[in-house]
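User: I am new to this structure and would like a guided look at it. Could you take me through its parts one at a time?

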Amino acid sequence: MAVLGVLTAGGDCPGLNAVIRGVVGRSVERDAEVVGVLNGWEGLMNGQVRPLDRDDVRGILGRGGTILGTSRVDPYVHGDGLASVEGTVRRTGIDTLIVIGGDGTLRSALRLQEEGLPVVGVPKTIDNDIAGTDVTFGFDTAVEIATEAIDRITSTAESHNRIMLVEVMGRTKGWIATYAGIAGGADAILIPEVDYDLEAIAEIIRHRHRHGHSYSVVAVGEGVKPPDDDETEPEVDAFGFARLGGVAYRIAPVLERLTGFETRVTVLGHTQRGGKPTAADRVLATRFGVAAADLAIDRRSGLMVAARGTEIVPVPLAEACAEIRGVDETLFGVAQTFFG
Ligand code: F6P
């Protein structure tokens, strides 16, 4: 009988529980055993595990977070790679480890695979920046939350004749800003992939005011460069990612000065990651979980499940780790059509 380990690592994301449920559901159907690893890589290093069966995953489909817990601990930063996890793997009899994670986690998974631990990856992140898949689960939920925020902020912006900056997550890529900006009808969108010119943004806003729209909403990706030169080294997490958040507070005074219009900032932060997943994310996450279990039970490893068109397909984990996927020009061009 195959024994699958399942682990959620890195930042949490709506839909994690749906993947876990998908893995367990398919495994029970195919007579395989599932070992849940608690608290991400930390749990795998420390031997924190629990068996998972159908009863453990009942009622979790629509729940935010992860029933297994997660951490930003990395076996190659806080341990010796395979050597630090193989004790738990051997003791539990795990044949293949299903790793549900973002780019940092998947890169560690690939290294473990190369060192000899069979691994199957599942692309998770609200940032939607993993290569090899059209989309990651969690992104749809984050966009929904950010869009609702933009809608709400638009009505108060209008009442007060203000410029409102709405800062969204996404790290070095502007997927959430672009999607939520388009969906919420933002008057301008700033993303890390495209250099911005605050004088040009100020002119868009002044133009709106001249034409009777005395308020504006700007969606800001958290990873955009600050307008001022700041030499301070950012804090980084275990995977070496800069800790972001708050750049809109540095952009706001510049826009206020350039336009003369009162400006406010809202940073959406972790609200974008919490709470229940959308129906689309529940379906995608369930399909990923089932496909990952199938690969693991069939002893196919070194792969990641990916969405391509209407299909869920296996792609080499190395392909997913080769780059961080950004917003393409065509999509951003659509957003720019509606600036102003
Ligand atoms: O990668 C997901 C993400 O939510 C990013 O969008 C954000 O910059 C980061 O994680 C926040 O990380 P933490 O939860 O460690 O503050």
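Analyst: Please keep in mind that the model is predicted.

User: Which element holds valine 3?

Analyst: Valine 3 lies in strand E1.

User: And which residues is valine 3 in contact with, leaving aside its neighbours within four places in sequence?

Analyst: With those neighbours set aside, valine 3 is in contact with Glu33, Val35, Thr92, Gly93, Ile94, Asp95 and Thr96.

User: In what sense do E1 and E2 pair, parallel or antiparallel?

Analyst: E1 pairs with strand E2 (residues 33-37) in the parallel sense, over 4 bridges. Within this pairing, valine 3 stands opposite glutamate 33, and leucine 4 stands opposite valine 34.

User: What is the order of the strands in the open sheet of 7?

Analyst: The order is E3-E2-E1-E4-E5-E10-E11, and the pairing is mixed. Strand E3 (49-52) and strand E11 (311-316) are the edge strands, each pairing on one side only. From one strand to the next, the twist averages 30°.

User: Now the other sheet. Which strands make up the open sheet of 4?

Analyst: That sheet runs in the order E7-E8-E6-E9, with parallel pairing. At its edges stand E7 and strand E9 (263-267); each has a single partner strand, so one side of each is left without a neighbour in the sheet. On average, neighbouring strands here are turned by 20° against each other, direction ignored.

User: Which helix packs on that sheet?

Analyst: Helix H8 (residues 247-259) packs on the sheet and touches E6, E7, E8 and E9. The direction of H8 makes about 160° with that of E6.

User: How many bridges join E7 to E8?

Analyst: E7 and E8 run parallel and are joined by 3 bridges. Leucine 190 stands opposite valine 220 in E8.

User: Going back to valine 3 for a moment, what separates its C-alpha atom from that of tyrosine 249?

Analyst: The two C-alpha atoms are separated by 49 Å, and the residues are 246 apart along the chain.

User: At what angle do H6 and H11 pack?

Analyst: H6 and H11 pack at an angle of about 40°, and their axes are 10 Å apart. That angle makes H6 oblique to H11. The crossing of H6 past H11 is left-handed.

User: Which residues meet there, in H6 and in H11?

Analyst: From H6, Trp175, Thr178, Tyr179 and Ile182 meet Leu331, Phe332, Val334 and Ala335 in H11. By class, this contact of H6 with H11 has 7 nonpolar residues, 1 polar residue and no charged residues.

User: Last topic: how do the axes of H1 and H9 cross?

Analyst: Helix H1 (residues 16-29) and helix H9 (residues 279-297) have axes that come within 7 Å and cross at roughly 40°. The two helices are therefore oblique to each other, and the crossing of H1 and H9 is right-handed.

User: Which residues make the contact?

Analyst: H1 contributes Ala18, Val19, Arg21, Gly22, Val23, Arg26 and Ser27, while H9 contributes Arg282, Ala285, Thr286, Gly289, Val290, Ala293, Asp294 and Ile297. By class, the contact of H1 with H9 has 7 nonpolar, 4 polar and 4 charged residues.

Technical notes. Residues are numbered from 1 along each chain as its sequence is written. This is a predicted model: local features need pLDDT of at least 70, side-chain atom pairs count only at pLDDT 80 or more; totals for chains, interfaces and linings use all residues. Side-chain values use heavy atoms; hydrogens and water are left out. Axes are lines fitted to C-alpha atoms, for helices over the stretch in contact, and angles run from 0 to 180 degrees between N-to-C directions. Angles under 35 degrees count as roughly parallel, over 145 as roughly antiparallel, 65 to 115 as roughly perpendicular and the rest as oblique. A crossing is left-handed if the near helix is turned anticlockwise from the far one by less than a right angle, and right-handed if clockwise. Contact means heavy atoms within 4.5 Å. Ala, Val, Leu, Ile, Met, Phe, Trp, Tyr, Cys and Pro count as nonpolar, Asp, Glu, Lys and Arg as charged, and the others, Gly among them, as polar. Two strands pair if DSSP finds at least two bridges between them.
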